[in-house]
Amino acid sequence: MSSPTRILRLDASANPGLSGSRRLGDELLARLQRQYPASEIRRRDLNQQAQFIDAGWISANLSAADERDEAARQRLGASDELIAELQWADHIVLTTPMYNFSVPATLKAWIDQVCRAGITFRYTSDGPVGLLAGKRADIVITTGGVPLGSPADFLSGYLRQIFAFIGIDEVDIIAAERMNLDSATSVERALRQIDARYPAKAA
Ligand SMILES: Cc1cc2nc3c(=O)[nH]c(=O)nc-3n(C[C@H](O)[C@H](O)[C@H](O)COP(=O)(O)O)c2cc1C
């Protein structure tokens, strides 16, 4: 793996104080930082200031960039900022729980803000092409009872699809599944996955 220098950390759990996915994300990030001490890190809690798209946003997004008035530019301001963060990063660490078999609404709101034709993907005669190539992502997922890869998992495949759609297809998923059954074992398994990816340096 090439050394990441710009890491974007995104967290989606609505339960920050007790979040298992965030704690695992902390461990993963600590390992990354230890391996690549020169890395710069930016963080975003997706529960803060999540914005949903609406008619004004869609209309502004469909208009030509050089024809947007001030109101249209402002309407896309949050989206522009989120996309700029993604463009800046060469490594994304996303932590998320499964909510109702899929992503938390705040993560979906972020996805709607960052998938923009002409900026993060473009249409071609062969179908859409992602424009954020050359980046990689680690996604930490926690679930209460649903195993990833099971028919009720509409989360992990969806996130792979979204990241590939915008050009990020080097994606690793670290999972603490079925936390409501035996959280200690689930966390231990996830920590082993993190360890395999980013081995702790020998003392
Ligand atoms: C609103 C809500 C919906 C949930 N839906 C699911 C679900 O569909 N399937 C599942 O396995 N767990 C579900 N869970 C359980 C969480 O995925 C699980 O507790 C996870 O470990 C929480 O991660 P966190 O500690 O990082 O917030 C849900 C939890 C909440 C709060």
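With which residue does Asp45 form a salt bridge? In this predicted model, the partner of Asp45 is Arg22, with the closest N and O atoms 3.2 Å apart. Asp45 belongs to strand β2 (residues 40–45) and Arg22 to helix α1, so the contact ties together parts that are 23 residues apart in sequence. Both residues of this pair, Asp45 and Arg22, are buried. In total, 16 salt bridges are present in the structure.

A network of salt bridges links Arg136, Asp138, Glu170, Asp172 and Arg197. Within it, Asp172 meets Arg136 at an N to O distance of 2.8 Å. This pair connects distant parts of the chain, with Asp172 in strand β7 (residues 170–176) and Arg136 in strand β6 (residues 136–142), 36 residues apart. A salt bridge also joins the side chains of Asp172 and Arg197 (3.1 Å, N to O); here strand β7 is linked to helix α7 across 25 residues. Arg136 has a relative accessibility of 12% and therefore counts as buried. Asp172, at 26%, counts as partly exposed, as does Arg197 at 22%.

The ligand is surrounded by 17 residues, the closest being Ser13, Ser19, Ser21, Met98 and Phe101. By class, this shell comprises 7 nonpolar and 10 polar residues and no charged ones. A backbone N or O atom of Met98 lies 2.7 Å from a ligand oxygen atom, and a polar backbone atom of Gly145 is 2.8 Å from an oxygen atom of the ligand. For Gly144, a backbone N or O atom lies 2.9 Å from a ligand nitrogen atom. The protein buries 72% of the 640 Å² that the ligand exposes when taken alone. Helices α1 (20–35) and α7 (179–197) are the elements that each give two or more residues to the shell.

Note on methods
Residues numbered from 1 in each chain as written. Predicted model: local features only at pLDDT ≥ 70, side-chain atom pairs only at ≥ 80, totals over all residues. Heavy atoms only, no water. Near = heavy atom within 4 Å. Polar contact = N/O pair within 3.5 Å; in protein donor to acceptor, adjacent residues only side chain to side chain. Areas by Shrake-Rupley, 256 points an atom, 1.4 Å probe, with all protein chains shown as cover. Helix = DSSP H or I, 4+ residues; strand = E, 2+ residues; numbered from the N terminus. Nonpolar A, V, L, I, M, F, W, Y, C, P; charged D, E, K, R; others polar. Salt bridge = Lys/Arg side-chain N within 4 Å of Asp/Glu carboxyl O. Buried < 20%, exposed > 50% of the residue type's maximum accessible area, 1.4 Å probe, protein only.
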